[in-house]
Amino acid sequence: MNERRIVLLAPLLAAVTPLRVPAQAGATSAPLTDIRYEVTFTRANAERRQVTSAMTFTVGGTDAVLLSLPKWTPGAYEISNFARDVSNFSAEQSGTSLVWDKIDGETWRIRPRGVGEVTVRFDYLADSLDNANTWARPDFLLFNGTNLFLYPEGRGFAFAASVTVNTEAAWKIATGMTSTGTRRYAASNYHDLVDMPFFVGQFDLDSAQISGTWVRFASYPAGSVTGGARVAVWEALKRVIPAEVKVFGEVPWTAYSILQIADQSYGGGSGLEHQNSHVDVLGPGMLGTPILPSLYAHEIFHAWNVKRLRPSDLWPYKYDQEQPTPLLWISEGITDYYADLAEVRGGIVDANGFYLMTSDKMSQVNALPPTALEDASLSTWIHPRDGTEYIYYPKGSLAGFLLDIMIRDGSDNHTSLDDVMRTLYNAAYKNGRGFTSDEWWSTVSKAANGKSFGDFFVRYVDGREPFPYDQVLPLAGLRLARDTARVPQLGSLQDSSGLHVSEVIPGSSAAAAGVQPGDQLLSVGGFNADDPNWTEKFRSRYARSPEGTDIPIVVRRNGAQQTLTARLRFVTRVEPRLIADARASAKARRIREGILRGTTQP
Ligand SMILES: [Zn+2]
C-alpha cells in the first residue's frame, strides 16, 4: 500500500495539470518494442463466457506506458466502447505487479520499474453476438482484434505484432491472419491486426479455389450448413467472386475467409467486412434463403470498395473517435449495387431477378422520409430513429445504377461505373490514400465523356429530390411501371436484428395495440418474427382480410411474454416495378445488356 503511494508520487508532482488530460489530446506512451499478443480461450474460459487477452512488450525505462482499446470496429459505424467489457486488468514485470490507473475510459497508464519486458493482461466478457464484438459458447469463440488488442497511445499504428492463441488441442482456428507457426499469427501493422477476426473452437471448415486463390468457409455451429446447403454456398461464391474480380481486374487477397454464425437468438442477418474475410451473423431462418448469396456478394465486394478503395475521411482509420464521411453511400450503397450485379452477371439471378431486386430498393426508399445520400451517410453514427438509419444502402445502390446508366449513355457504352471504380482504386488505394468527393465526381464525369454531374449532385445526392427514374431509365431500355396495392400495415419498425421494435408510428394500429419500442417481437399474425420473410408472408396472408380483423402480436417485454391485439389497417401503396422496354433503341438495348453482363461495347 505504502509502496504504491510512493511510486505514484513522482508522476503526480511532475504532471499536476495534464494528469487527467484525455489520451486523444496528445498523450504519448513510452515507446514499446517486440509487441506480442496472446489470446486464451479454453473450456474453462468458455464456461465463464470470458476470453483472456495478454500483451507483452519491451520498454526502455520507467516512462509511463499508455495503452488503449479501440472505441469501434471499422465497418460497424458506431461507438461501442469495447473497454467496458474488460475486467481483471493487471500489469507485471519480472513477476512483480506494476502500478496502473486509467486516464480515460479506454486508456490504461502503466508504470514500468525499468528496462525490460512487461505483460498486461485482462479478461473480456464474450457475451455479445455481434459481428464487431466477441461471443463465446461452450465450444466456440468469435473475437475481433479491436476488442482484445491494446495499442500504445500516440505511437502510430505501423508496429508489427504476433498473436498466439491458446486453446483446446481439438479445437480449430479460422482467421485471415498469416500463420507463422502452430497457432501463431503475424501482422505487419495494427490496422491489419485488428482487421482479421478469429473463429476458435468447433465449427465446420472447408475451402475451394476461386479466381486463382483459396476461399475458406467456416460455419458455426458444426452441422448448421451441410449437404445441399453447403453445396449451394460454394455455388454462389463461385459465381459472384469472379464477377466482382472482373470489375477491378485483380484479386486483392492471397486467401479469403467467410466466417459464419447461425444462432437462434439472432433475427435477420448481417455481415461485417474485412480486407480478406467477413463475419456473417444470421438467424437460423436465413440459412438457405436467396438473401445469403446477396450478403456474401456485398461483403466480399467490400474487400475492394471500402477496405481498399476508401473515402479519405476514413483513411487512415482512427480508433478513438467517430469518422463520419458524406461518401458512405458510395462505400455501402454502391457495394450493394455491385452485389446485385455480381448475382446477375454470375447467373445466380436472371435479368428479371435483377429488376425485382432493384424495384424492391425503390420501394424501400419510397417508404421512407426524403433523405439526402450525403446526410444519411454522415448520420449513420447517431442511428437516426425515423427509419432512415440505413437508407444509404438501397438509395446509394440506386444512385450507382443511375450513374452507371448515365456514364454508359454519355460514352456510348464505351465506359461504365466499373471503370470509375477501377480508376479510383488504382489512383487512390494503389497510392496509399483515400479518395475525395471531388475525385469521385471528376472520375464519373470523365468516364461519361465529360458530362457534368453538378446538377445531379445538387438535386439527388446533396439534395432530397426524388430520383429522376423516368428520365434516366429509358437510356438503358428500361422503364417503371407503377402498381397500386392496398397492403396491411401495423406501423412498427424493427431494429437491424429484425427482432426488436425500434419505433412505433404514433396513431398506428401497433401503437393502439400497445406495442412499445424495445419489445422483442416473437410473432405477428401467427408468423414467427425470426423468419426473415415474415412481413411478406403477413401481407399476403391478410391482404384480403376485412379492415379491423384482430391480429395477435406476441412480444417479450421485461422478460415476460405478452399477447397484444392489433386491428388490421390498410395503406395504399404505389409499388414501382422495373421492366425492360421492348421498344428501346439499339443504343439503349446495348447499355442494358452491358449492365447485366458487365461489358462495354459500342
Ligand atoms: Zn456493407
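Me: In this predicted model, how many of the 10 residues of strand E8 (residues 116-125) are buried?
Reply: Buried here means under 20% relative accessible area. Strand E8 is largely enclosed by the rest of the structure, because its count of buried residues is seven of the 10.

Me: OK, and in what sense do strand E2 (residues 50-59) and E8 pair, parallel or antiparallel?
Reply: There are 10 bridges between E2 and E8. As for the sense in which E2 and E8 pair, it's antiparallel.

Me: Which residue in E8 is the bridge partner of alanine 91?
Reply: Look at strand E4 (residues 86-93), which runs antiparallel to E8 and is joined to it by six bridges. In E8, the partner of alanine 91 is valine 120.

Me: Over to the helices: how are H7 and H10 set to each other, roughly parallel or roughly perpendicular?
Reply: The axes of H7 (residues 328-345) and H10 (residues 392-410) come within 7 Å and cross at roughly 70°. Angles of 65 to 115 degrees count as roughly perpendicular. So H7 and H10 are roughly perpendicular.

Me: And is the crossing of H7 and H10 left-handed or right-handed?
Reply: It's the crossing with the angle of roughly 70°. The hand of the H7 and H10 crossing is right-handed.

Me: How many residues of the contact of H7 with H10 are charged?
Reply: H7 brings residues including Trp329, Glu332, Asp336 and Arg345, while H10 brings, among them, Tyr393, Phe401, Asp404 and Arg408. The contact divides into 10 nonpolar residues, four polar ones and a charged group of six.

Conventions. Residues numbered from 1 in each chain as written. Predicted model: local features only at pLDDT ≥ 70, side-chain atom pairs only at ≥ 80, totals over all residues. Heavy atoms only, no water. Axes fitted to C-alpha atoms, helices over the stretch in contact; angles between N-to-C directions. Helix = DSSP H or I, 4+ residues; strand = E, 2+ residues; numbered from the N terminus. Parallel < 35°, antiparallel > 145°, perpendicular 65-115°, else oblique. Left-handed = near helix turned anticlockwise from the far one by under 90°. Contact = heavy atoms within 4.5 Å. Nonpolar A, V, L, I, M, F, W, Y, C, P; charged D, E, K, R; others polar. Buried < 20%, exposed > 50% of the residue type's maximum accessible area, 1.4 Å probe, protein only. Pairing = 2+ DSSP bridges.
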